[in-house]
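Q: I have a model open and would like to go through it. Can we start with the terms?

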Amino acid sequence: MSQGHQISFIVVAIFLIALIIYLVRKRMLREEYSWLWILTGLGLLILATSESLLNWLSKLIGTLPITALFLLAIFFLVAIVLQFSIRLSELTDQVRKLAQVLAIKQTDGDHLDRK
């Protein structure tokens with residue numbers, strides 16, 4: 001990996017970590033999700049600063065070092081999308097159950113008003 005790529009990835013990693021900390025402090029990002037993003041930033045920082053680790057990983061995968069970083073980023077994004085899909089499914093079920101409970105309570109209230 002060239003010196004320019006390495007510096008770029010270090011800057012991106014530091015920016016990502018600082019952004020996550022800022023978003024958590026402003027309560028725009030919940031703590032339960034922040035740890036995953038901070039670990040991602042730290043992982044990117046470690047891979048960007050440790051060329052030998054990145055070379056070993058790229059040889060293990062069978063790609064160039066820069067391609068290995070992008071491949072890891074894609075895997076991470078797929079994991080995030082999967083996590084959000086699971087969470088969205090849970091929230092959809094909760095909304096459906098709450099709507100059913102509310103409909104039952106409103107129906108019971110209508111019966112009490114008519115008596």
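A: Start with exposure: a residue counts as exposed when its relative accessible area is over 50%, and as buried when that area is under 20%. Keep in mind that this is a predicted model.

Q: OK, so is Arg27 buried or exposed?
A: Arg27 is exposed, because its relative accessibility is 72%.

Q: Where does Arg27 lie?
A: Arg27 lies in the loop between α1 and α2.

Q: What about the phi of Arg27?
A: The phi of Arg27 is positive, near 60°, and the residue is not a glycine. For background, most residues other than glycine have a negative phi.

Q: Back to α1, then. How many residues does α1 have, and how far does α1 reach?
A: Helix α1 covers residues 3-25, which is 23 residues. From its first C-alpha to its last, α1 reaches 33 Å, close to the 33 Å expected at 1.5 Å a residue.

Q: Which residues in α1 are buried?
A: The buried ones in α1 are Gln6, Phe9, Ala13, Leu16, Ile17, Ile20 and Val24.

Q: Why would residues three or four places apart point the same way?
A: An α-helix has 3.6 residues a turn, so residues at that spacing point the same way.

Q: New topic. Which residues make up the largest nonpolar core?
A: That core has 8 residues: Phe9, Ala13, Leu44, Leu47, Ala48, Leu54, Leu57 and Leu69. The elements that give two or more residues to this core are α1, α2 and α3. Helix α2 gives the most, with 3 residues.

Q: And what does Leu44 touch?
A: Leaving out residues up to four places away in sequence, Leu44 touches Phe9, Val12, Ala13 and Leu69.

Q: Which residues are in the second core?
A: The second core is separate and has 5 residues, including Leu16, Ile20, Leu29 and Tyr33.

Q: Now Ser34. Where is that, and is Ser34 buried or exposed?
A: Ser34 is in helix α2. Ser34 counts as buried because its relative accessibility is 8%, and the cut-off for buried is under 20%.

Q: What is Ser34 in contact with?
A: Ser34 is in contact with Ile20, Val24 and Leu29, leaving aside neighbours within four places in sequence.

Q: Where is Ser58, and is Ser58 buried or exposed?
A: Ser58 is in helix α3. Ser58 is buried, because its relative accessible area is 4%. Apart from residues up to four places away in sequence, Ser58 touches Thr63, Leu64, Pro65 and Ala68.

Q: What about Leu82, buried or exposed?
A: Leu82 is in helix α4. At 53% relative accessibility, Leu82 counts as exposed.

Q: How far is Leu82 from Tyr22?
A: The C-alpha atoms of Leu82 and Tyr22 are separated by 25 Å, and the two residues are 60 residues apart along the chain.

Q: How many residues line the largest pocket, and which lie nearest its centre?
A: It is lined by 15 residues, and Thr40, Leu44, Leu69, Leu72 and Ala73 lie nearest its centre.

Q: How many of the lining residues are nonpolar, polar or charged?
A: The lining divides into 13 nonpolar, 2 polar and no charged residues.

Key
Residues numbered from 1 in each chain as written. Predicted model: local features only at pLDDT ≥ 70, side-chain atom pairs only at ≥ 80, totals over all residues. Heavy atoms only, no water. Helix = DSSP H or I, 4+ residues; strand = E, 2+ residues; numbered from the N terminus. Expected span 1.5 Å × (residues − 1). Buried < 20%, exposed > 50% of the residue type's maximum accessible area, 1.4 Å probe, protein only. 1 Å grid on protein atoms, 1.4 Å probe; cavity = no way out; pocket = protein on both sides within 12 Å on 5 of 7 lines; lining within 4 Å. Nonpolar A, V, L, I, M, F, W, Y, C, P; charged D, E, K, R; others polar. Core = buried A, V, L, I, M, F, W, Y, C linked by side-chain atoms within 4.5 Å. Contact = heavy atoms within 4.5 Å.
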